[in-house]
Amino acid sequence: MSPTLSQNGTFTIPRVSQPAEHSRTEKDHFISQNLKTYGYSGRIAKIREQEYPQLKDQVYLDHAGATTYAASQLQRFTRDLTSNLYGNPHSQNPSSKLSSTRVERVRQRILNFFKVSDNEYTVIFTQNATAAIKLAGEIFPWSDKSKFLYLREAHTSLVGLRASASASGASANSISQEELESMLRSSKPSTSEEGHQHEPAYNLLAYPAQCNFSGARFPLGWTHSAYTQLNTEEENWKVLLDASSYLTSSQLSLQDTTKSPDFVALSFYKLFGFPTGLGALMVKSELAPLLTKTYFGGGTGIVVFRTSLSGKYEDGTINFLDIIALDHAFDVAEELYGDYSHITQHVNSLVAYMYLQMSALKHWNGSPVCAIFCNGDHYGDPTKQGPIINFNLMRPSGDWVGYTEIERLATASSIHVRTGGFCNPGAMQRWLDLSSEEVKENLSAGHVCWDDKDVIAGKPTGSIRISLGAMSTIDDVIAWIDFLKEFFVVSTEPKSYQAAPNVSETTLDSVCVYPIKSCHGFHVPASMAWPITSTGFKYDHEWMLVNNEDGNAMSMKKITKMALIRASIDEVAQCMIVTAPNWPDLRIPLVESEHNFICSRSGVFGEHLEVQHYKSQQVNEWFSTFLEVPCHLARQHLIRRSLGAHMTDKNVTAYLVPSAAAGSSQVELSLQNESPFLMISQSSVDDVNHRILQSEINAETKNGPVFIDAFRGNIVVRGNRAYEEDQWEVVKIGTQVFKILGSCKRCNMLCVNPETGRKTKEPYVTLAKYRRVEGKIIFGRHMYHCPELSPLPHAVRANDPVKAYRYMDDLDM
């Protein structure tokens with residue numbers, strides 16, 4: 001939900017209560033209505049508990065990306081490997097022969113799954129479906145008279161065949177569903193010309209059985225129509241079917257070879273979760289004389305003796321151990337789910353319910369919450385729609401919610417979704433109503449698939465996709481719907497804001513300095529005044545850890561253990577003292593010879609900055625060994641960055657005080673993320689913890705309060721009302737004047753506990769319920785120092801009085 005400002009300056013949000021009783025009633029009602037199709041005759045809860053422990057406390061909604069694996073599947077494979085000796089199948093010793101026998105057994109099992117024989121189709125193992133499609137393009141008998149048509153809503157793997165076709169002089173074009181169906185209806189085989197004897201031009205029609213973007217299922221009957229309606233003596237059409245997305249929840253029969261595709265591409269992790277890196281291209285055996293690719297690998301010199309399609313086109317040694325793993329995957333799937341039709345029924349009952357629930361979500365003004373991208377209401381009909389829902393969310397105003405906002409909140413709530421363009425540019429353009437020019441403009445603006453440039457010029461650049469699998473449950477669906485209701489449905493009309501009176505007595509609670517970026521800081525003793533420099537507090541964010549592999553600055557977001565490293569400054573001893581739990585202390589001099597450094601550039605915030613890299617093996621091994629990541633310490637204290645170069649309008653928005661950021665482009669930074677100073681209010685943190693406590697009481701969970709250090713403020717104030725700081729424009733601490741830049745937009749780095757280094761969902765999830773503005777979670781205020789308005793010495797200390805002003809003109813000098 002989107003927040004509104006209350007009269008006391010805090011954000012409020014209408015909450016939708018979702019008690020446990022509500023979820024139980026909803027679940028019981030669904031099960032009673034779907035007894036014959038859902039849950040494998042009541043076994044789904046037991047299947048989830050015993051076979052999928054990795055899904056405990058997780059809501060996994062990305063089965064179209066990769067479904068997950070069963071525990072017994074992995075256990076059986078491990079026992080197999082430790083009980084048998086498997087060797088390279090390209091030999092005649094016992095271990096090699098055993099591998100060959102098992103591989104051929106799996107080959108036959110795949111054929112049985114598709115209900116065909118080895119006389120009708122050949123299974124050629126590949127790395128994945130993309131490699132299978134690439135192979136089809138390499139072996140196809142293209143000529144300069146050939147035509148390649150691919151469906152607009154095709155994965156980029158199919159689109160990529162344009163290169164193979166064009167290299168042989170063939171034409172290559174995309175075609176919409178409507179255009180293809182019109183062509184299949186109107187085309188008629190031409191009558192043969194007397195004396196016609198040349199070989200026809202071979203054309204290829206490629207399309208997915210199921211769109212990986214929207215889940216729309218395309219008619220399998222197109223294959224037969226292409227044969228009967230398009231083939232002439234001059235043109236012979238072949239069909240390539242991408243079955244990867246379709247096979248996640250439905251079985252494909254190729255039994256009637258007069259109507260089945262010539263080529264079928266698939267990836268096995270889409271079916272079973274494991275093994276990964278294994279796919280197949282199924283080829284009609286009758287095509288063997290037409291196919292042309294030269295074998296490459298061991299035995300190249302005797303390629304003439306390789307007669308089978310698999311022998312010709314499986315270059316080198318196949319992934320024989322993963323093929324053996326596939327045997328166990330088939331076994332376990334059959335034992336758990338029985339006939340594949342049970343999976344189809346199960347997921348269709350769930351996705352139909354999910355679609356109805358999402359379609360029914362409305363804001364307070366009656367406007368829809370979800371814009372679902374689908375070809376009509378076909379959910380529940382497996383011939384027209386698979387278990388995928390692709391959508392974007394809208395605010396009550398009709399403005400789009402960026403997919404990044406949804407993904408981050410979902411991640412914090414242990415919900416796994418996929419966002420972006422899904423490697424399907426045709427479907428993305430169609431459903432998002434993007435012209436080719438707009439796509440080019442987005443690319444020029446730096447947008448790539450799944451980045452955070454999710455709305456450009458008022459239009460979404462991608463979307464959100466949720467997808468279900470064999471082990472999905474009604475609990476997953478209800479958790480997802482409750483998530484949408486809690487965070488994105490605005491149920492009451494926002495109230496207008498009325499200005500609050502100016503702040504009363506406020507004091508500086510503490511000063512905190514973070515010498516090493518993304519590590520724990522230290523609180524300056526109350527008796528000590530700490531100096532202010534042109535880039536912030538003295539020594540603040542002056543050091544960083546650099547990953548040896550990529551040369552970029554390391555972040556607590558990825559390496560949460562960095563929170564356990566504490567750095568403090570001892571100016572008397574002129575050193576930085578670094579400590580960590582159960583680790584020897586490290587002392588680093590504040591002043592060192594230039595010979596102890598190597599100057600070079602490192603990546604920070606997407607920029608490459610000149611920094612001084614420590615040569616000391618003792619220093620670098622201390623950090624590398626503790627973090628278990630090869631890294632080294634670097635320092636940046638001579639070269640500064642301008643705020644204007646780093647903080648774009650996306651990084652800094654002066655929420656609530658739009659004029660505050662004006663004139664701030666000359667503020668300098670060291671290694672801070674966004675500003676020299678971040679002010680946090682103790683009262684606001686107390687309010688967050690109160691809300692967390694209340695939600696934990698309701699949910700019967702216990703995570704405890706969030707430490708104020710998790711917010712990583714270097715100026716902490718106390719005495720003001722919670723969130724009153726949102727309305728300040730100027731702050732005077734003691735004699736020093738600071739100007740507000742804007743509110744701090746928070747990421748899930750907040751969720752790293754600074755005392756344990758472990759990540760939880762709080763306070764990010766709680767803040768998202770009432771502190772979201774324009775899709776950004778805000779907490780704390782960015783500031784910069786105004787030396788021209790502040791007397792010397794430029795320093796502050798704990799317990800200094802704090803005076804806050806709503807307008808610059810109110811400042812008393």
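The following dialogue examines selected residues and elements of a predicted model and the terms applied to them.

Student: Why is I733 called buried?
Tutor: Buried means under 20% relative accessible area, exposed over 50%, and partly exposed in between, with a 1.4 Å probe and protein chains only. I733 has 1% relative accessibility and therefore counts as buried.

Student: Where is I733 found, and what is in contact with it?
Tutor: I733 is found in strand β34, residues 730-733. Helices (H or I, at least four residues) and strands (E, at least two) are DSSP runs, numbered from the N terminus. Contact means heavy atoms within 4.5 Å. Leaving aside neighbours within four places in sequence, I733 is in contact with L508, I715, F738, V796, D800, P801 and V802. The C-alpha atoms of I733 and R797 are separated by 8.8 Å, although these residues are 64 residues apart along the chain.

Student: What makes D509 partly exposed?
Tutor: The relative accessible area of D509 is 28%, so D509 is partly exposed. D509 lies in strand β19, residues 506-513. Not counting residues up to four places away in sequence, D509 touches V716, V717, R718 and A798.

Student: Why are β24 and β26 said to stand at the edges of their sheet?
Tutor: Three strands form an open, antiparallel sheet in the order β24-β25-β26. β24 (566-570) and β26 (583-589) each have a single partner strand, so one side of each is left without a neighbour in the sheet. From one strand to the next, the twist averages 20 degrees.

Student: What lies across β25 and β26?
Tutor: Helix α18 (residues 617-627) lies across them, running at about 140 degrees to β26. Axes are lines fitted to C-alpha atoms, for helices over the stretch in contact, and angles run from 0 to 180 degrees between N-to-C directions.

Student: What makes the link between S367 and N365 a polar contact?
Tutor: A polar contact is a pair of N or O atoms within 3.5 Å; within protein, one must be able to donate a hydrogen and the other to accept it, and residues adjacent in sequence count only if both atoms are side-chain atoms. The side chains of S367 and N365 are joined by a polar contact of 2.7 Å. S367 is found in the loop between α13 (340-360) and β11 (370-372), and S367 is buried, with a relative accessible area of 17%.

Student: Why is C423 called partly exposed?
Tutor: C423 has 37% relative accessibility and so counts as partly exposed. C423 is placed in the loop between β15 (418-420) and α15 (425-432). The UniProt annotation "active site", from an unreviewed entry, covers C423; such positions are given in the numbering used here, feature names are shortened, and annotations may be inferred rather than shown by experiment.

Note on methods
Residues are numbered from 1 along each chain as its sequence is written. This is a predicted model: local features need pLDDT of at least 70, side-chain atom pairs count only at pLDDT 80 or more; totals for chains, interfaces and linings use all residues. Side-chain values use heavy atoms; hydrogens and water are left out. Two strands pair if DSSP finds at least two bridges between them.
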